[in-house]
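Please open the model in your viewer and keep the selection panel at hand. The tour moves from one selection to the next.

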Amino acid sequence: MKLQKMLLLVVASVSLANVGLVGCTTPAQNLDAQAQPSAPTLTGQTETLAQTQPQERPADVPYVPTPQPVVDAMLEVAQVNKNDVLYDLGSGDGRIVNTAAQKYGTKGIGIDISPERIQEANANAQQAGVTDKVQFIQQDLFNTDLSNATVVTLYLLPEINLKLRPKLFRELKPGTRVVSHAFDMGDWKPEKTLQVDGKTIYYWVIPAQIPANLRN
């Protein structure tokens with residue numbers, strides 16, 4: 001009898017020890033599992049950067065940023081507001097689109113052929129806190145559908161402006177405002193011309209009827 005009682009005590013002790021070990025190790029394993037970092041999720045910025053591609057052809061114009069006072073004046077003369085959709089053709093570092101979104105709540109699309117400029121513009125949009133209002137697309141501006149724009153801004157070259165003019169007349173709705181830094185549109189006379197810090201700004205409105213001399 002004594003031997004049986006001793007064996008029962010030994011078995012009971014071993015079982016209790018196992019229960020104790022299970023009770024101790026399981027929470028630790030759970031903590032280890034919780035401590036493992038979850039897989040990182042791509043932010044809007046990194047997703048956009050991943051979408052850039054090799055530049056399809058050389059740019060039509062060299063990259064020269066528009067001075068901020070000129071940006072501000074361009075937006076003021078166009079009277080942009082939160083109901084507008086602004087397209088910036090050759091958007092560079094995104095300052096026109098980002099400024100419009102930050103100051104006026106304007107939705108904006110920046111078009112640039114350079115992947116570096118698209119990356120820079122998106123980084124600037126993040127810094128300005130306007131990524132919910134703007135989008136930057138790596139694209140040839142001549143292949144961009146402009147029909148949704150209510151405001152178009154540009155800083156190109158005289159020959160590029162003239163090449164672009166028929167597309168603006170063809171795709172933009174009457175009443176759409178067009179603002180150019182530095183260069184005009186040939187025979188299409190601006191409604192306003194401004195001088196800001198020695199820079200020229202031209203302002204037009206798409207007419208309901210395109211004059212015959214401007215149709216080609």
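Helices (H or I, at least four residues) and strands (E, at least two) are DSSP runs, numbered from the N terminus. The model is predicted, so local features need pLDDT of at least 70 and side-chain atom pairs count only at pLDDT 80 or more, while totals for chains, interfaces and linings use all residues. Residues are numbered from 1 along each chain as its sequence is written, and side-chain values use heavy atoms, with hydrogens and water left out.

Select the sheet. Seven strands form an open, mixed sheet, in the order β3-β2-β1-β4-β5-β7-β6; two strands pair if DSSP finds at least two bridges between them.

Next, select residues 107-112, strand β2, which pairs with β3 in the parallel sense over five bridges. Within this region, Ile 111 has Ile 137 of β3 as its bridge partner.

Finally, select Thr 153 in strand β4 (residues 151-154). Is Thr 153 buried or exposed? Thr 153 counts as buried because its relative accessibility is 0%, where buried means under 20% relative accessible area, exposed over 50% and partly exposed in between (1.4 Å probe, protein chains only). Show the side chain of Asp 88 as well: a polar contact of 2.8 Å joins it to that of Thr 153. Such a contact is a pair of N or O atoms within 3.5 Å; within protein, one must be able to donate a hydrogen and the other to accept it, and residues adjacent in sequence count only if both atoms are side-chain atoms.
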